[in-house]
Every structure is written in C-alpha cells, then in structure tokens.
Amino acid sequence: MSGKDSNTRRLALVDEAFRTLPERYLGADPGFDATYHIKLGDIGHTWEVRATTHGARVRKGLTRREPDVVIGTDAATWLRLREGDLSGIDAFSQRTLYARGNLDLAVAFEGLFRLPNGREPLQRVHDVRVGRQRVSTLTMGAGRDVVLVHGLGATKASFFDTAAALSRGYRVHAIDLPGFGSSSKPLTAPYNASWFAEHVLGMMDALEIDAAHLVGNSLGGRVAIEVGLRAPERVHGLALLCPAVAFIRRGLHPVVRLLRPELGVLPHRFARGTVENQLLELFADPGALDPSVADIVVDEFQRIYGSAGARLAFLSAARNVYLERPHGRGGFYPRLAELTRPSLFVWASHDRLIPASFARHVAEWLPAAEQIVVDACGHAPQIERPEQINGLVQRFFARVDALDVPARRAPRHAAAA
C-alpha cells in the first residue's frame, strides 16, 4: 500500500471513530456542557466535539465556539484510545497526548463514551458525594484498591504517571482533596489532616472500598498517615512520598499563627512567572519536568486559585501543616508511634520543603517503617522520578499483598459535612 493510500485509509478510520462517538455517548450530569477541540497533528485535521446533558455532537473542522479543552495527539494514538487499547492517562504518561484548558474536562472525555462492543471506558472522572462535599475522583484499572492523595496546591494530575503504572494491577482512585482541584471548596472547613482524612474515608465508603493501599505526596502523605491512625482496618499499606510530617524547629511559628487564611477570600492572584518559579523549585533538576506538563500545571493552578474557596483551602492547609505540634499530648510524633500498618517513607535528597533529615525522627518514633532516600530528587518524586518511584511503590505493595490478610468489612464511616 502506497503512502498516500495508507494516509487515506488512516483518515477513514479516524473519521469513523469520530462519527460513532454520539451513539457511544454515556451521558452527563445535568448542566454539563463542554466543547473539545481534538487536533491530530500527523494528519493535519481538527474535530470539534460538544458534549452536553442531552447528547454529543461532532463536526470536522471548527466553529466559532470557544473550546473548554484542546486535546492534541496523533491518529494512531487516537484510534488506540477509541478501541480501548490505551487509556488517556497512559497516553499522557507516554507523552503522546497533551491537553490545554480545563484538565479535568480533558481527562473526563474518555469516560463519556463506551468502547466498541459496549465495553465500559478504561477510565472515568466522577464526583463522589461525601456529606455535603464533592470529591472529584479519577478511577481506572482493576484489582485491589489504591487511593492516591496529592500535595498542597496540587491536584490528582500530579499522580497521573503513578495512576497509569499502578492501574495495570490495581483499581486506582486519584482524588482531589476538598478545597483543591475540581472538588468542593467550602468556606467554613478547617482544612486540617483530620478533616481531610474523614473525607478520604467517606470517599471509600461511597465507593464501597473496605480497605485500600494509600499513596500520598507532601500534604497527601500527612493525610494518608492520619487515615492509617484513625482507621487502620481500612488500610493495607502506606506509601508516603516526602510526607508533610511535623516540623521540629518552627522559627516562624508566631508569625504564621498570626496570619489569617480568611484573607485568602479577598481577590488576588500570583503572576504566572511566580507560579512557574515555585513549581521549578520543587525539582532537583528542573529540566526533568516536561515543558508541556509544566504549562498544564501552571494553567491549572492559576485557574483553580481564582476561586476564593481554593485560596482559603491553600492558605489554611499550609498554616495547619506548619503549626502542627511535633511533641507532647496529641503531638504528631507520639501519635505516629501508634501507626500499625506497613509503611514506606520515601524522602528526596534535594527536597527544600520537607528535608530528608526528617527520616531520623520517623526512625526514632516508628522504627518498623521502611525508609528510602532518593538521590538527586526534589519534593515531587512521583513526577521527577516516575519509573523509580513507581517501581518502589509496586514492589512495596506486592510485599504487603503477599502477607496481608484481607481486611474485615469495617463499619461505614460518617464523614464531616
């Protein structure tokens, strides 16, 4: 077959994949209305897909309607996505797909459509109701459950590479904590570890997850620890990536205590350059961060931080992390000593926020925990060193699974409203 014939055949297959989207549409919640531009660079064509509560419409070419999301990929990847040979998160992890605009809507696209032969999509983004809050959740894969919990100022997108890797053997749920990402952002919430843990447990209740492995980065690591302390019967193993444990020396303690997160309700924003610089500070080698991924992260932070609730959540959670008491009655480290579930602490040699030296405090209070320091790495090891971190987490969970007795069905947990 000549190159021209091959391109003609490929374009015909792509056209057919787009043509059948409306009949595969699974529907959406009331009020949903999103416009997607799908650009297939190798064949030089763009399609517009509009999905609403009432159905999906597809046209080749563009209207004047402003897109909520632009998705770019190649024809071969797009066909694999439509056939269910590859998930969108896998394609993003392999850097064969990019997205600009509302990232949650981009990830949600795949879950809007059935696969051939009526099969369910490989991934879906859905809102899980926990009391009066919504917890935005990406679910993919099959097997024992794993819950991924992001860090301060981040979203579930920080765990896309991890979700792609773990979903080959587990059912993975990457969540946005309340106050972050696409989850609810109440203006009266305390945004402390206990409150976040209640909502993680509530999300597990809603999805009928008796017990799960937990992976947490930074603030998410602190929340995962809290879940393990409050409900050990709901946890198989804890993989904690640069967890936000309590600071021993808190020279700014009086100043931070005086700062009022409620001021975050007042409209303000960070310049794009400031957000970019703060993002790169998280990495030992800023060059390790794909520029297209950096653009997505900065776009998402600025979009979400435009909400008063998001600003309040960010400032409140940061203040609570810094002010948590390390010792004394109810202090973090005496409580840490009560953690009974298998735990892996992963520290990073070049972490400027949570230095690897915290490992010695964990060793003092929780000597049974496994601890690893990743060399030449910063505060988000699952992004900077995805293959290494994914391997460490998978091997740790495999050991836990081999020894773990399935958890008994725990009483349903009532989450805080």
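**Close-up views of a predicted chain**

**View 1. D42 is partly exposed, with a relative accessible area of 39%.** Partly exposed lies between buried (under 20% relative accessible area) and exposed (over 50%), with a 1.4 Å probe and protein chains only. The model is predicted, so local features need pLDDT of at least 70 and side-chain atom pairs count only at pLDDT 80 or more, while totals for chains, interfaces and linings use all residues. Residues are numbered from 1 along each chain as its sequence is written, and side-chain values use heavy atoms, with hydrogens and water left out.

D42 forms a salt bridge with R10, and the closest N and O atoms are 3.3 Å apart. R10 belongs to helix 1 (residues 3-19), whereas D42 sits in the loop between strand 1 (33-40) and strand 2 (45-52), so the pair ties together parts that are 32 residues apart in sequence. A salt bridge here is a side-chain nitrogen of Lys or Arg within 4 Å of a carboxyl oxygen of Asp or Glu. Helices (H or I, at least four residues) and strands (E, at least two) are DSSP runs, numbered from the N terminus. R10 is partly exposed as well, with a relative accessible area of 26%.

**View 2. R100, R272, E276, D295 and D299 are linked in a network of salt bridges.** Side chains of opposite charge can pair when their charged atoms come close. Between R100 and D299 there is a salt bridge whose closest N and O atoms are 2.5 Å apart. This pair links distant parts of the chain: R100 is in strand 5 (residues 98-101) and D299 in helix 11 (residues 291-305), 199 residues apart. R100 is partly exposed, at 34% relative accessible area. D299 meets R272 in a salt bridge at 2.8 Å, N to O. Here the link runs from R272 in helix 10 (residues 272-280) to D299 in helix 11, 27 residues apart. R272 is partly exposed, and its relative accessible area is 28%.

**View 3. P178 lies in the loop between strand 9 (171-175) and helix 7 (193-206).** P178 is buried, with a relative accessible area of 1%. Which residues is P178 in contact with, leaving aside its neighbours within four places in sequence? They are V135, S183, S184, Y191, W195, F196 and H199. Contact means heavy atoms within 4.5 Å. P178 and C242 are 64 residues apart in sequence, and their C-alpha atoms are 21 Å apart in space.

**View 4. L177 is found in the loop between strand 9 and helix 7.** At 0% relative accessibility, L177 counts as buried. Neighbours within four places in sequence aside, the contacts of L177 are V149, H150, S183, F196, V200, L219 and V223. L177 and Y191 are 14 residues apart along the chain, with 9.5 Å between their C-alpha atoms.

**View 5. R95 and A376: positive phi at residues that are not glycine.** For R95, phi is about 60 degrees. This residue, R95, is in the loop between helix 4 (88-93) and strand 5, and R95 is partly exposed, with a relative accessible area of 35%. For A376, phi is about 50 degrees. A376 is in the loop between strand 13 (370-374) and helix 15 (381-384); at 34% relative accessibility, A376 counts as partly exposed.

View 6. Along its principal axes the C-alpha trace spans about 70 × 50 × 40 Å. For 417 residues, a compact globule would have a radius of gyration near 22 Å, and the protein chain agrees with 22 Å. The radius is taken over C-alpha atoms, and the globule rule is 2.2 Å times the number of residues to the power 0.38. Of the 417 residues, 53% count as buried. The accessible surface comes to about 18300 Å², of which 53% belongs to carbon and sulfur atoms; accessible areas come from the Shrake-Rupley method with a 1.4 Å probe, and for residues only the protein chains shown count as cover. Among contacts with a separation of 6 or more, residues 24 or more positions apart account for 73%.

The chain has 51 positive and 45 negative side chains, and the centres of the two sets lie 4 Å apart. Lys and Arg count as positive and Asp and Glu as negative, while His and the chain ends are not counted. The place of a charge is taken as NZ of Lys, CZ of Arg, CG of Asp or CD of Glu. The salt-bridge count comes to 25.
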